[in-house]
Amino acid sequence: MDNSPIVAHPDAEANKSQENAINTSTLGYSQSSEVGTDFDARMMQRCLELARRALGCTSPNPMVGAVIVKDGKIIGEGFHPKAGEPHAEVFALREAGENARGATIYVSLEPCNHYGRTPPCSEAVIKAGLAKVVVGMVDPNPLVAGGGIAKLRSGGIEVIVGVEEAACQKLNEGFIHRILHRRPLGILKYAMTLDGKIATTTGHSAWVTSRDSRNAVYQVRVASDAVVIGGNTVRKDNPYLTSHDQSARNPLRVVMSRTLDLPVEAHLWQTEEAPTLVLTSTGANPDFQASLRRRGVEVIEMDLLTPDKAMAYFYERGFCNVLWECGGTLAASAIKAGAVQKVLAFIAPKIIGGSVAPTPVGDLGLDTMTEALSLERVEMRFVGTDCLIEGYLPL
Ligand SMILES: NC(=O)c1ccc[n+]([C@@H]2O[C@H](COP(=O)([O-])OP(=O)(O)OC[C@H]3O[C@@H](n4cnc5c(N)ncnc54)[C@H](OP(=O)(O)O)[C@@H]3O)[C@@H](O)[C@H]2O)c1
Ligand SMILES: [Zn+2]
């Protein structure tokens, strides 16, 4: 796959080669972007900043930001607040008004080219008389990729594609995964000691990592549509799974429990602050199901409760990002089922020991070290006193 950035030229020959590039490029996650000027990069970063204002709110749609610039000054800005609301470009065009004529619009995702609840943004941009469009990344849907760009070019507009492309793709990695694989992106997060334990032998786990790491996890929850745990984590930890003081937004808190042998009282059954969904096996503990429903907890029965079924259900529900915060048993099931694509491992520099203390991932049925699942695109950084390793499982 060709990941090289794409630069538009107004002449037809260059456009021809560019169109080919659009069809084959971009979703291999480019590492750097050398497209455009430093000013272009700064404006695209501003688009991303605007897009992030809707963090966790746009699924099944992407987060998108737009900035309109004339004579070096920003004259309009916008972002897509949530599905069903206007696109980022519409807000920016509204703010710029008549002044948009002859200006440049920066937008983190290729302007749409289809009739939805609103007319296509590519048409709105042409109608408003903009001279130039700078696009962060092309639409991930192979069937529509490049369509908005082609429309703009046929309307006589200069288009540059691929400014800050890697950052644009990273912001919407869940959306991209959803479009390409018809499943949300599964992110497995765990916190472990230096000797690889996620709790003590008794199951006590508050806390493995520092406050800084926990705050970082709360922020990941803000960006997630759902956070999933298994029944045992409810029994052992009685977690809240909210974003605490990091944001007013909380993900849907999901418990997967086949037995439904769960505590009568649990923080998760208090649904005033955040919603809770329990996924269980058909026919499990009907009385308990009824009592959960009375408390505002959503309960869904499935014939065979598996991580794959859960992810298929989350896809139907429009989710882009699903955070697995379970213990090792469910984590292993989720990995085996292909429900995890990304791993966030917080490692605390402390040792707890315990030969049977729980570890982050249970049995995967792998016998030789050569079979180990090697992460790709690995990044490491310190969060407070802990180390965070982030990487992706091979698809
Ligand atoms: N440090 C961390 O990051 C972290 C995070 C989470 C948990 N923990 C610790 O991990 C320990 C619990 O670990 P665990 O592995 O027992 O808990 P777990 O993986 O969260 O829960 C296992 C439970 O998940 C349910 N489940 C539903 N569908 C399943 C499926 N297809 N496959 C497997 N399980 C399914 C079952 O619940 P039912 O039995 O109710 O049917 C099963 O007993 C606790 O001590 C907790 O403190 C630590
Ligand atoms: Zn649009």
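**Before you start**

Residues are numbered from 1 along each chain as its sequence is written, while chains are lettered from A and ligands numbered from 1 in the order in which they are written. Because the model is predicted, local features need pLDDT of at least 70 and side-chain atom pairs count only at pLDDT 80 or more, whereas totals for chains, interfaces and linings use all residues; side-chain values use heavy atoms, with hydrogens and water left out.

**Stop 1: colour by confidence**

Colour the protein by pLDDT, the predictor's confidence in each residue, from 0 to 100. The mean is 92, and 92% of the residues reach 70 or more. Now select helix α1 (residues 12-24), which has the lowest mean pLDDT among the elements, 36. Strand β11 (residues 321-324) has the highest, 99. Helices (H or I, at least four residues) and strands (E, at least two) are DSSP runs, numbered from the N terminus. Over residues 1-33 the pLDDT is below 50, yet beyond near neighbours in sequence this stretch has 63 contacts in the model (contact means heavy atoms within 4.5 Å). Where pLDDT is low, the predicted coordinates should not be read in detail.

**Stop 2: the zinc ion**

Select ligand 2, a zinc ion. Along the sequence the donor residues follow the spacing H-x24-C-x8-C. H87 sits in the loop between β2 (73-79) and α3 (88-96), and C121 in helix α4 (residues 121-127), 34 residues apart.

Is C121 buried or exposed? Its relative accessibility is 1%, so C121 counts as buried, while H87 is partly exposed at 22%. Buried means under 20% relative accessible area, exposed over 50%, and partly exposed in between (1.4 Å probe, protein chains only).

**Stop 3: ligand 1**

Next, select ligand 1 and show what surrounds it. Of the 27 residues around ligand 1, N232, T233, D237, S257 and T329 come nearest (a residue is near if one of its heavy atoms lies within 4 Å).

- S257: an N or O atom of its side chain is 2.6 Å from an oxygen atom of ligand 1.
- S333: a polar side-chain atom lies 2.8 Å from a nitrogen atom of ligand 1.
- S205: an N or O atom of its side chain is 3.1 Å from an oxygen atom of ligand 1.

The protein covers 89% of the 920 Å² of accessible area that ligand 1 has on its own (Shrake-Rupley method, 1.4 Å probe).

**Stop 4: backbone details**

Most residues other than glycine have a negative phi, and most peptide bonds are trans. Zoom in on S59 and P60, joined by a cis peptide bond with omega about 5°; P60 is in the loop between α2 (38-51) and β1 (65-70). The bond from A206 to W207 is also cis, with omega near 0°. For a positive phi, go to D71, at about 50°, an exposed residue with a relative accessible area of 74%.

**Last stop: L395**

Finish at L395, in the segment after β14 (386-392). L395 is exposed, at 78% relative accessibility. Leaving aside neighbours within four places in sequence, L395 is in contact with H177, H181 and Q341.

Definitions and conventions: Donors = N, O, S within 2.8 Å, 3.2 Å for Na, K, Ca; no water. Polar contact = N/O pair within 3.5 Å; in protein donor to acceptor, adjacent residues only side chain to side chain.
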